[in-house]
Each structure stands twice: as C-alpha cells, then as structure tokens.
Amino acid sequence: MKINKIVIASALILLAVSLVPILMLINQWDSGSQSYGITTSDSQQIHFWWQDVNQQVHQYPASAGTYTYLFLGFLSCSEICPIRIEQLNQLEQRIEQDASFNKAEVQFLFVTIDPDNDTLALRQAVIDARSTRFVSASLSESDLHQLELRLSDNINRQLATINHVGNLFLLNPNGQIARIYTAKQLSISKMLIDLNHIISSQL
C-alpha cells in the first residue's frame, strides 16, 4: 500500500513537471498570436510640436482617432532608414487594400533626426509624396532631444555618420505607445495583425 502511494505520488510529480514546459509553450503561442511587437506598460502620453514641409506647426497628438507609426531617422542613412521606410510603404499599401481597415485612421510620421540635411524639398520627395498618410516632421532641437529620451532611441551624433537604433513605434490615438518594433521585426503581415488587434480592443 505504501509502495503504491509512492508510485502514485511520483507519477503525479512527473506529470506536473512535464506539464510546465507545455503550458509555457501554450502561453507563448497564445501571447504571440496577440502581439508581434514589444508591448509596454508605459501609459504616459507622448506630446510634441512639429513642423511639416510647408513650415506649418502642428501639435502631436492632434486627431483623436488616428493611430500613428512613428519613426525617427534621417534620409542620408544607408542602412536602417531605407529598410524602415520601405516597410512602412508596404504596410500602407496593405492597409489601403485591406477592407477591415477602411474606417481606421492611420498615419506614418517620419521625424528627422538630421534636420539640417533633411531639407523640406528632400522630405517632400522621399516621404510626403508617397501618400496622404505619410508625413515628415522636424522638431526644435530641445523637443527632438526630449522625444529621443522619451523613446530611448539611443541616437549618437558624435560619430562620422549618425548612429541610431531605428525602432518603430505604434502610438494609439491618445499618444501612448501600443507597440515597439525592433530592427528584427519586419513582418508586414504580423504588424497588420497587431494593428487590427489594437484597433479592435479599443472599439
């Protein structure tokens, strides 16, 4: 009888131990289906003033219903920025084609970290001319510095060429960070699933 209890107890312990990794995998799969980018508990609103290519000054956030993909970069960048801009271009095209996003207001806001060289004409040609959803912005030096600190984007201007992380931020209509996409997260399809989930959860 005592041996049977020991066998049963041992079997239960083995079962419990074997269930832990299975439950972890299920949890990862489930959370992965909900979120592709990095989620954050930071609920603080991002706020700044910016200037468009027509030298008009705007406040962010401005529209109560607009979701914003925010990217800090510079147009002479040869590595991160061209990839990110093309990614945003493809994402915008998919949003335009997807009927589920017909009522969604989504904009792509490119903030230059090199305003001296990213001229109004260059920004217009490379960013703003893509579609009405694309907007390029320049900020005052102090506002740009505060935004960089707020996003922890680790921009270094002390080198021969500007060095930056190149994270992409999806902001909800209140100016709060909903997702962060690193340089390794380039799946358009998964970003669309993220966007759809975020919009649906706030309806």
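Two strands pair if DSSP finds at least two bridges between them. Helices (H or I, at least four residues) and strands (E, at least two) are DSSP runs, numbered from the N terminus.

This is a predicted model, in which local features need pLDDT of at least 70 and side-chain atom pairs count only at pLDDT 80 or more, while totals for chains, interfaces and linings use all residues. Residues are numbered from 1 along each chain as its sequence is written, and side-chain values use heavy atoms, with hydrogens and water left out.

**View 1. Strands β4 and β5 run parallel.** F110 stands opposite S136 in β5. Strand β5 spans residues 134-137. F134 and S136 point one way from β5, V135 and A137 the other. In a regular strand the side chains alternate between the two faces of the sheet. All four of these β5 residues are buried (under 20% relative accessible area; exposed is over 50%, partly exposed in between; 1.4 Å probe, protein chains only).

**View 2. The whole chain, for orientation, has 5 helices and 7 strands.** Along the sequence the pattern is α-β-β-β-α-β-α-β-α-β-β-α. Of the 203 residues, 41% are buried. Contact means heavy atoms within 4.5 Å. Among contacts between residues at least 6 apart in sequence, 72% join residues at least 24 apart. The accessible surface comes to about 11800 Å², and carbon and sulfur atoms hold 56% of that area. Accessible areas come from the Shrake-Rupley method with a 1.4 Å probe; for residues, only the protein chains shown count as cover.

**View 3. The largest nonpolar core has 49 residues.** Such a core is a set of buried Ala, Val, Leu, Ile, Met, Phe, Trp, Tyr and Cys residues joined through side-chain atoms within 4.5 Å. F48, Y69, L70 and V111 have the most contacts inside this core. Helix α5 (residues 188-201) gives the core its largest share, 6 residues. Leaving out residues up to four places away in sequence, F48 touches H58, Q59, Y60, L70, L109, L139 and L147. In soluble globular proteins, nonpolar side chains tend to be buried together.

**View 4. The largest cavity has a volume of about 40 Å³.** On a 1 Å grid over the protein atoms alone, a cavity is a set of points where a 1.4 Å probe fits but cannot get out; lining residues have an atom within 4 Å of a point. Grid points are joined across faces, edges and corners, and a volume is the space filled by probe spheres set on the points. The count comes to 1 cavity of 30 Å³ or more. F71, I85, L88, F108, L109, F110, I127 and F134 line the largest cavity. Helix α2 (80-97) and strand β4 each supply at least two lining residues. Strand β4 gives the most, with 3.

**View 5. D98 sits in the loop between α2 and β4.** D98 counts as partly exposed because its relative accessibility is 28%.

**View 6. The Y60 to P61 peptide bond is cis.** Its omega is near -5°. P61 lies in the loop between β2 (57-60) and β3 (66-73). Q55 is found in the loop between β1 (48-51) and β2. Phi of Q55 is near 65°, a positive value in a residue other than glycine. Q55 counts as exposed because its relative accessibility is 51%. Most residues other than glycine have a negative phi, and most peptide bonds are trans.

Notes. 1 Å grid on protein atoms, 1.4 Å probe; cavity = no way out; pocket = protein on both sides within 12 Å on 5 of 7 lines; lining within 4 Å.
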